[in-house]
Amino acid sequence: RTVFYATYVILAAACLVFLLSDIKWLFWTGVLFLLILLDRLKHFGQADRSLVKDGLKENSNLAKYITPSTFAILEYAFERALVAKGNFYLFLMRRLVDRKDIKVGLIRMDLGPDDVYNKVDELLKISLGDEKYLGDSKEQAKNLLLEIEKILKISLDQAILADNRFIEPKDVFAALSHCDSSGVLKVLQFF
């Protein structure tokens, strides 16, 4: 990501310098860079493909349909579950509950976001000591990838039901109620 953002900073600086140049071909190169940057800015935070515009083809890679924020949340939960040896879905839920849009949704459902976060955190601490999550890291990573695939398929269904263009964090949060995690079910039953 650092390289990605550094490239755009360099491109923006070059664009500015080229636009201020008196040499015609450098000026027009600056215009081209400006158009590229404006297009990237227009699509910032969007997935590579749209569920509405591109449709979903058979055996599609769902990673192409998730927004960068959804990817970051899944990556966070994957890494924490792999390193800390805890419940992947609780790490995922904890990260999602931190988001402003999820907090607003919880408030609309008359749930206190802090109460939900505390309950998730409590169950997460319990899961960290569970032997079910201990074992070989390679086997654990393989199982976590299967869990990510499951939650993405359910999230896809949620996104399609909501007529969303991409799989967003709110779709992943909605999909959590359909997963087979005892920790998540305890949180949902508590509220």
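How exposed is Lys 153, and what is its relative accessible area? Lys 153 is partly exposed, with a relative accessible area of 46%. The legends below refer to a predicted model.

**View 1. Lys 153 and Glu 149 in helix α7.** The side chains of Lys 153 and Glu 149 meet in a salt bridge, with an N to O distance of 3.2 Å. The two residues are four apart in helix α7 and are therefore separated by about one helical turn. Glu 149 counts as partly exposed, at 39% relative accessibility.

**View 2. Glu 147 and Lys 150 in helix α7.** Glu 147 forms a salt bridge with Lys 150, and their closest N and O atoms are 3.4 Å apart. Both residues belong to helix α7, which spans residues 137-161. They are three residues apart, about one turn of the helix. Glu 147 counts as partly exposed at 22% relative accessibility, and Lys 150 counts as partly exposed at 39%.

**View 3. Asp 121 and Lys 125 in helix α6.** A salt bridge joins Asp 121 to Lys 125, with 3.8 Å between the closest N and O atoms. Both residues lie in helix α6, four residues apart, which is about one turn of the helix. Asp 121 is buried, with a relative accessible area of 18%, whereas Lys 125 is exposed at 58% relative accessibility. Arg 94 joins these two residues in a network of salt bridges. The count of salt bridges in the model comes to seven.

**View 4. Packing of helices α4 and α6.** Helix α4 covers residues 88-97 and helix α6 covers residues 113-128. Their axes come within 9 Å and cross at roughly 155°. Angles over 145 degrees count as roughly antiparallel, and α4 and α6 are therefore roughly antiparallel to each other. The crossing in which α4 passes α6 is left-handed.

**View 5. A nonpolar patch on the surface.** Phe 4, Tyr 5, Leu 34, Leu 35, Leu 38, Leu 41 and Phe 44 form a nonpolar patch on the surface. Together these residues have about 740 Å² of accessible area. The elements that give two or more residues to the patch are α1 (2-19) and α2 (24-42). Helix α2 gives the most, with four residues. Leu 35 is found in helix α2, and Leu 35 is exposed, with a relative accessible area of 53%.

**View 6. Asp 114 and its distance from His 43.** Asp 114 is found in helix α6. At 58% relative accessibility, Asp 114 counts as exposed. Asp 114 and His 43 are 71 residues apart along the chain. The C-alpha atoms of these two residues are separated by 33 Å.

Terms used. Residues are numbered from 1 along each chain as its sequence is written. This is a predicted model: local features need pLDDT of at least 70, side-chain atom pairs count only at pLDDT 80 or more; totals for chains, interfaces and linings use all residues. Side-chain values use heavy atoms; hydrogens and water are left out. Patches are made of residues with over 30% relative accessible area and no salt bridge: like charges are joined within 9 Å, nonpolar side chains (Val, Leu, Ile, Met, Phe, Trp, Tyr) within 5 Å. Accessible areas come from the Shrake-Rupley method with a 1.4 Å probe; for residues, only the protein chains shown count as cover. A salt bridge is a side-chain nitrogen of Lys or Arg within 4 Å of a carboxyl oxygen of Asp or Glu. Buried means under 20% relative accessible area, exposed over 50%, partly exposed in between (1.4 Å probe, protein chains only). Axes are lines fitted to C-alpha atoms, for helices over the stretch in contact, and angles run from 0 to 180 degrees between N-to-C directions. Angles under 35 degrees count as roughly parallel, over 145 as roughly antiparallel, 65 to 115 as roughly perpendicular and the rest as oblique. A crossing is left-handed if the near helix is turned anticlockwise from the far one by less than a right angle, and right-handed if clockwise.
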